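Good morning, everyone. I would like to take a few minutes to walk through one model, beginning with a term that we will need along the way.

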Amino acid sequence: MPGKISGMKLSRVIETSAAVAGTSSRSAKVSTLAHILQEAVATHGRGHHCIEVVADYVAGTLPQRRVGVSWRGLRDLPQSAAQATLTIEQTDTALTVIAELSGGGSASKRRKAIRGLFARATLAEQRWLAALITGDLRQGASDGVLLQAIAQAAGVDDHIVRAAVMRAGYPGPVARVALAAPNEEAAMAALTA
(Lines give C-alpha, C1' and ligand atoms only; values in the text may rest on other atoms or scores of the structure.)
Protein backbone atom coordinates (compact mmCIF):
# COMPACT_ATOMS: atom_id res chain seq x y z
CA MET A 1 0.00 0.00 0.00
CA PRO A 2 2.11 2.90 -1.19
CA GLY A 3 1.76 6.05 0.84
CA LYS A 4 0.38 4.29 3.90
CA ILE A 5 2.08 5.48 7.07
CA SER A 6 2.11 3.27 10.10
CA GLY A 7 4.07 3.49 13.29
CA MET A 8 5.28 6.39 15.33
CA LYS A 9 6.43 9.38 13.35
CA LEU A 10 9.95 10.69 13.81
CA SER A 11 8.41 14.12 14.39
CA ARG A 12 6.97 12.86 17.73
CA VAL A 13 10.45 12.03 18.97
CA ILE A 14 11.71 15.43 17.81
CA GLU A 15 8.83 17.17 19.64
CA THR A 16 9.74 15.20 22.77
CA SER A 17 13.39 16.09 22.35
CA ALA A 18 12.48 19.79 22.15
CA ALA A 19 10.22 19.52 25.22
CA VAL A 20 12.99 17.85 27.23
CA ALA A 21 15.54 20.44 26.10
CA GLY A 22 13.09 23.22 26.95
CA THR A 23 12.75 22.44 30.65
CA SER A 24 15.21 22.38 33.51
CA SER A 25 12.88 20.30 35.69
CA ARG A 26 14.26 16.77 36.06
CA SER A 27 10.82 15.39 36.96
CA ALA A 28 9.29 17.00 33.85
CA LYS A 29 12.04 15.50 31.69
CA VAL A 30 11.47 12.05 33.21
CA SER A 31 7.71 12.30 32.78
CA THR A 32 8.00 13.48 29.16
CA LEU A 33 10.41 10.67 28.27
CA ALA A 34 8.30 8.04 30.07
CA HIS A 35 5.28 9.23 28.08
CA ILE A 36 7.02 8.87 24.70
CA LEU A 37 8.21 5.37 25.66
CA GLN A 38 4.67 4.39 26.61
CA GLU A 39 3.43 5.93 23.37
CA ALA A 40 5.93 3.78 21.46
CA VAL A 41 4.52 0.69 23.16
CA ALA A 42 0.96 1.76 22.36
CA THR A 43 1.90 2.43 18.72
CA HIS A 44 4.11 -0.57 18.02
CA GLY A 45 3.21 -3.16 20.65
CA ARG A 46 5.14 -4.64 23.54
CA GLY A 47 8.66 -5.82 22.74
CA HIS A 48 8.82 -4.15 19.32
CA HIS A 49 12.27 -3.05 18.14
CA CYS A 50 11.05 0.55 17.74
CA ILE A 51 10.79 0.93 21.52
CA GLU A 52 14.54 0.43 21.73
CA VAL A 53 15.06 2.88 18.86
CA VAL A 54 12.87 5.53 20.51
CA ALA A 55 14.82 5.14 23.77
CA ASP A 56 18.11 5.54 21.90
CA TYR A 57 16.85 8.52 19.91
CA VAL A 58 15.60 10.42 22.97
CA ALA A 59 18.98 9.75 24.59
CA GLY A 60 20.66 11.29 21.52
CA THR A 61 22.20 7.96 20.47
CA LEU A 62 22.12 6.03 17.23
CA PRO A 63 21.15 2.37 17.72
CA GLN A 64 23.76 1.60 15.03
CA ARG A 65 26.29 3.67 17.05
CA ARG A 66 27.91 4.85 13.78
CA VAL A 67 26.72 5.05 10.22
CA GLY A 68 29.89 6.24 8.48
CA VAL A 69 28.63 9.76 7.78
CA SER A 70 30.27 12.97 9.01
CA TRP A 71 29.24 16.61 8.85
CA ARG A 72 30.96 16.75 5.48
CA GLY A 73 28.70 13.97 4.24
CA LEU A 74 25.67 16.00 5.34
CA ARG A 75 26.47 19.07 3.25
CA ASP A 76 24.43 19.81 0.19
CA LEU A 77 21.31 18.01 1.37
CA PRO A 78 18.20 17.80 -0.79
CA GLN A 79 15.14 19.99 -0.42
CA SER A 80 13.23 19.09 2.74
CA ALA A 81 9.81 17.45 2.69
CA ALA A 82 6.79 19.68 3.24
CA GLN A 83 5.04 17.30 5.67
CA ALA A 84 6.28 14.99 8.40
CA THR A 85 5.67 11.44 7.19
CA LEU A 86 8.91 9.71 8.15
CA THR A 87 8.43 7.02 10.80
CA ILE A 88 10.82 5.70 13.43
CA GLU A 89 10.95 2.35 11.67
CA GLN A 90 11.68 3.89 8.26
CA THR A 91 14.42 6.06 9.75
CA ASP A 92 16.02 3.18 11.63
CA THR A 93 15.89 0.91 8.59
CA ALA A 94 17.49 3.56 6.37
CA LEU A 95 20.26 4.24 8.91
CA THR A 96 20.91 0.51 9.32
CA VAL A 97 21.29 0.11 5.55
CA ILE A 98 23.65 3.09 5.46
CA ALA A 99 25.73 1.71 8.35
CA GLU A 100 26.11 -1.65 6.62
CA LEU A 101 27.42 -0.24 3.33
CA SER A 102 31.03 -1.19 2.73
CA GLY A 103 33.47 -2.03 -0.03
CA GLY A 104 33.97 -0.53 -3.45
CA GLY A 105 31.55 2.25 -4.28
CA SER A 106 30.15 2.38 -0.75
CA ALA A 107 30.88 6.10 -0.35
CA SER A 108 28.73 6.88 -3.37
CA LYS A 109 25.99 4.49 -2.22
CA ARG A 110 26.08 6.01 1.27
CA ARG A 111 25.77 9.55 -0.14
CA LYS A 112 22.80 8.47 -2.29
CA ALA A 113 21.13 6.72 0.68
CA ILE A 114 21.62 9.74 2.97
CA ARG A 115 20.13 12.02 0.32
CA GLY A 116 17.19 9.63 -0.03
CA LEU A 117 16.53 9.64 3.71
CA PHE A 118 16.92 13.40 4.06
CA ALA A 119 14.65 14.07 1.05
CA ARG A 120 11.83 12.40 3.01
CA ALA A 121 12.51 14.54 6.12
CA THR A 122 11.13 17.97 6.97
CA LEU A 123 13.61 20.76 7.68
CA ALA A 124 13.25 20.18 11.46
CA GLU A 125 13.76 16.45 10.95
CA GLN A 126 16.81 17.08 8.76
CA ARG A 127 18.41 19.27 11.43
CA TRP A 128 17.64 16.79 14.19
CA LEU A 129 18.88 13.79 12.17
CA ALA A 130 22.10 15.61 11.27
CA ALA A 131 22.77 16.29 14.96
CA LEU A 132 21.91 12.68 15.88
CA ILE A 133 24.13 11.20 13.17
CA THR A 134 27.12 13.37 14.05
CA GLY A 135 26.71 12.89 17.81
CA ASP A 136 25.95 16.55 18.35
CA LEU A 137 22.40 16.23 19.69
CA ARG A 138 22.14 18.11 22.98
CA GLN A 139 18.72 17.86 24.56
CA GLY A 140 19.20 17.40 28.28
CA ALA A 141 18.22 13.72 28.43
CA SER A 142 21.18 12.28 30.29
CA ASP A 143 21.40 8.56 30.95
CA GLY A 144 20.21 9.11 34.52
CA VAL A 145 17.08 10.89 33.33
CA LEU A 146 16.39 8.26 30.67
CA LEU A 147 16.84 5.41 33.15
CA GLN A 148 14.35 7.02 35.51
CA ALA A 149 11.94 7.43 32.58
CA ILE A 150 12.27 3.75 31.64
CA ALA A 151 11.61 2.79 35.26
CA GLN A 152 8.58 5.09 35.44
CA ALA A 153 7.18 3.83 32.12
CA ALA A 154 7.62 0.18 33.20
CA GLY A 155 6.48 0.77 36.78
CA VAL A 156 9.67 -0.56 38.39
CA ASP A 157 12.29 0.90 40.73
CA ASP A 158 14.99 2.77 38.90
CA HIS A 159 17.79 0.83 40.66
CA ILE A 160 16.56 -2.29 38.83
CA VAL A 161 16.77 -0.46 35.50
CA ARG A 162 20.25 0.86 36.36
CA ALA A 163 21.49 -2.66 37.17
CA ALA A 164 20.00 -4.00 33.94
CA VAL A 165 21.70 -1.25 31.90
CA MET A 166 25.02 -2.03 33.58
CA ARG A 167 24.66 -5.62 32.36
CA ALA A 168 23.31 -4.74 28.89
CA GLY A 169 25.61 -1.79 28.21
CA TYR A 170 22.93 0.45 26.70
CA PRO A 171 19.51 1.69 27.85
CA GLY A 172 17.68 0.98 24.57
CA PRO A 173 17.59 -2.82 24.93
CA VAL A 174 16.61 -2.47 28.58
CA ALA A 175 13.68 -0.20 27.67
CA ARG A 176 12.52 -2.76 25.15
CA VAL A 177 12.64 -5.61 27.69
CA ALA A 178 11.12 -3.59 30.53
CA LEU A 179 8.25 -2.31 28.41
CA ALA A 180 7.59 -5.72 26.83
CA ALA A 181 6.32 -6.98 30.17
CA PRO A 182 2.57 -6.84 30.77
CA ASN A 183 2.93 -5.68 34.39
CA GLU A 184 5.38 -4.47 37.03
CA GLU A 185 6.09 -7.94 38.39
CA ALA A 186 6.88 -9.34 34.95
CA ALA A 187 9.07 -6.32 34.16
CA MET A 188 11.07 -6.80 37.36
CA ALA A 189 11.51 -10.51 36.58
CA ALA A 190 12.64 -9.78 33.02
CA LEU A 191 15.13 -7.12 34.11
CA THR A 192 16.69 -9.19 36.87
CA ALA A 193 16.97 -12.44 34.85
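A residue is called buried when its relative accessible area is under 20%, exposed when that value is over 50%, and partly exposed in between, with a 1.4 Å probe and protein chains only. With that cut-off, Glu 52 counts as buried, because its relative accessibility is 15%. This is a predicted model, in which local features need pLDDT of at least 70 and side-chain atom pairs count only at pLDDT 80 or more, whereas totals for chains, interfaces and linings use all residues. Residues are numbered from 1 along each chain as its sequence is written, and side-chain values use heavy atoms, with hydrogens and water left out.

Let me stay with Glu 52, which is found in helix H3, residues 49-58; helices here are DSSP runs of H or I with at least four residues, strands are runs of E with at least two, and both are numbered from the N terminus. If we leave aside its neighbours within four places in sequence, Glu 52 is in contact, meaning heavy atoms within 4.5 Å, with Gly 172, Pro 173 and Arg 176.

Beyond its neighbours within four places in sequence, Leu 146 is in contact with Leu 33, Leu 37, Ala 55, Val 58, Ala 59 and Pro 171. Asp 136, by contrast, is ten residues from Leu 146 in sequence and 18 Å from it in space, C-alpha to C-alpha.

Turning to a helix pair, how do the axes of H4 and H5 cross? The axes of helix H4 (residues 88-100) and helix H5 (residues 106-119) come within 10 Å and cross at roughly 170°, where axes are lines fitted to C-alpha atoms over the stretch in contact and angles run from 0 to 180 degrees between N-to-C directions. H4 is therefore roughly antiparallel to H5, a label for angles over 145 degrees. Thr 91, Ala 94, Leu 95 and Ile 98 of H4 make the contact with Arg 110, Ala 113, Ile 114 and Leu 117 of H5.

Finally, the whole chain: the protein has ten helices and zero strands, and its C-alpha atoms fill a box of roughly 50 × 35 × 35 Å along the principal axes. Buried residues make up 44% of the 193 residues, and among contacts with a separation of 6 or more, 76% join residues 24 or more positions apart.

Methods
Parallel < 35°, antiparallel > 145°, perpendicular 65-115°, else oblique.
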